[in-house]
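Me: I am new to this structure. Please take one part and look at it closely, then link it to other places worth a look.

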Amino acid sequence: MAYSFTRAFLVCVIVGALVVVSYANLYNDVDITWGDGRAKILNNGELLTLSLDKASGSGFQSKNEYLFGKIDMQIKLVAGNSAGTVTAYYLSSQGPTHDEIDFEFLGNLSGDPYILHTNVFSQGKGNKEQQFYLWFDPTADFHTYSILWNPQRIIFSVDGTPIREFKNLESSLGVSFPKNQPMRIYSSLWNADDWATRGGLVKTDWSRAPFTASYRNYNADACVVSSWSNSCSTSTSTTSSPTSANKAWLSQELDSTSQERMRWVQKNYMIYNYCADAKRFPQGLPSECTI
């Protein structure tokens with residue numbers, strides 16, 4: 001369904017009286033969409049696992065569509081030799097002019113670090129990649145990966161530490177920004193050994209299959225768009241309190257401490273930045289890279 005949302009954030013309806021305290025139940029929050037039994041919701045809805053073997057991967061999507069919000073998910077990535085595999089976790093709309101906000105975790109040989117790949121698409125156009133190593137082993141335990149999306153900016157965070165900010169520069173520089181199309185959360189575990197690890201030089205070792213990624217504590221403090229209305233209501237899918245109705249995410253920005261933490265990550269763990277890739281853009285770097 002196509003939506004027209006001029007200043008769409010203004011039509012979010014605060015429903016503080018309806019905010020209740022509840023506990024995470026993935027049965028209520030997501031639908032398994034593919035994998036023929038390889039995706040499972042376990043422990044009474046507290047845990048979800050995706051698996052990949054030579055025949056197929058698997059995936060799920062959120063039941064709701066969102067127009068701005070803060071989305072958190074705790075993920076434990078494929079352990080051991082994960083080369084060739086990709087665990088994707090992203091917001092996306094549908095269609096040729098879709099918007100998308102990406103986390104992708106590119107597997108690697110045992111002992112070599114995962115690569116966290118981020119990207120932003122607007123009106124079907126991406127090419128805004130930044131890649132990072134992580135400062136911990138993402139396979140040893142669960143870690144929280146967050147997307148904050150409001151009309152002014154997109155902030156990617158890991159365990160509460162911001163790693164990337166993509167600002168809305170549409171009015172000043174004409175850079176398209178996701179702002180009109182509601183998006184769902186999607187996640188999948190799939191084989192991408194033609195490109196994922198060292199440009200496709202390292203292939204998936206199927207003797208290690210099945211590969212498994214685990215998810216828990218999904219939280220969408222966001223503006224939920226209904227299929228029958230162009231308005232949206234504040235919804236928190238997991239543990240919440242009345243303060244969630246204040247929608248702090250709607251105007252949230254990085255304070256000086258958060259900016260310093262992001263600079264630390266980018267200085268020490270960023271391994272690719274499209275804004276520094278002059279060879280890729282011989283006609284000049286994208287305009288947002290001049291800021």
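Reply: Pro210 sits in the loop between strand 14 (184-191) and strand 15 (211-225). This is a predicted model. The peptide bond from Ala209 to Pro210 is cis, with omega near 0°. Most peptide bonds are trans.

Backbone angles pick out two further residues. Most residues other than glycine have a negative phi. Phe68 is not a glycine, yet its phi is positive, about 80°. Phe68 belongs to strand 6 (residues 65-76). Its relative accessibility is 1%, so Phe68 counts as buried. Gln123, also not a glycine, has a positive phi of about 55°. Gln123 is in the loop between strand 9 (115-121) and strand 10 (130-132). At 41% relative accessibility, Gln123 counts as partly exposed.

Now the annotated residues. An unreviewed UniProt entry lists Glu100 and Glu104 for "active site". Glu100 lies in strand 8 (residues 100-106), and Glu104 lies in strand 8 too. Glu100 has a relative accessible area of 13% and is buried, because the cut-off for buried is under 20%. Glu104, at 15%, is buried as well.

Leaving aside residues up to four places away in sequence, Glu100 touches Tyr90, Leu91, Ser92, Asn119, Val120, Phe121 and Met183. The Glu100 side chain also makes a polar contact with the side chain of His98, at 2.9 Å.

Definitions and conventions: Residues numbered from 1 in each chain as written. Predicted model: local features only at pLDDT ≥ 70, side-chain atom pairs only at ≥ 80, totals over all residues. Heavy atoms only, no water. Helix = DSSP H or I, 4+ residues; strand = E, 2+ residues; numbered from the N terminus. Buried < 20%, exposed > 50% of the residue type's maximum accessible area, 1.4 Å probe, protein only. UniProt positions renumbered as here; feature names shortened; annotations may be inferred. Contact = heavy atoms within 4.5 Å. Polar contact = N/O pair within 3.5 Å; in protein donor to acceptor, adjacent residues only side chain to side chain.
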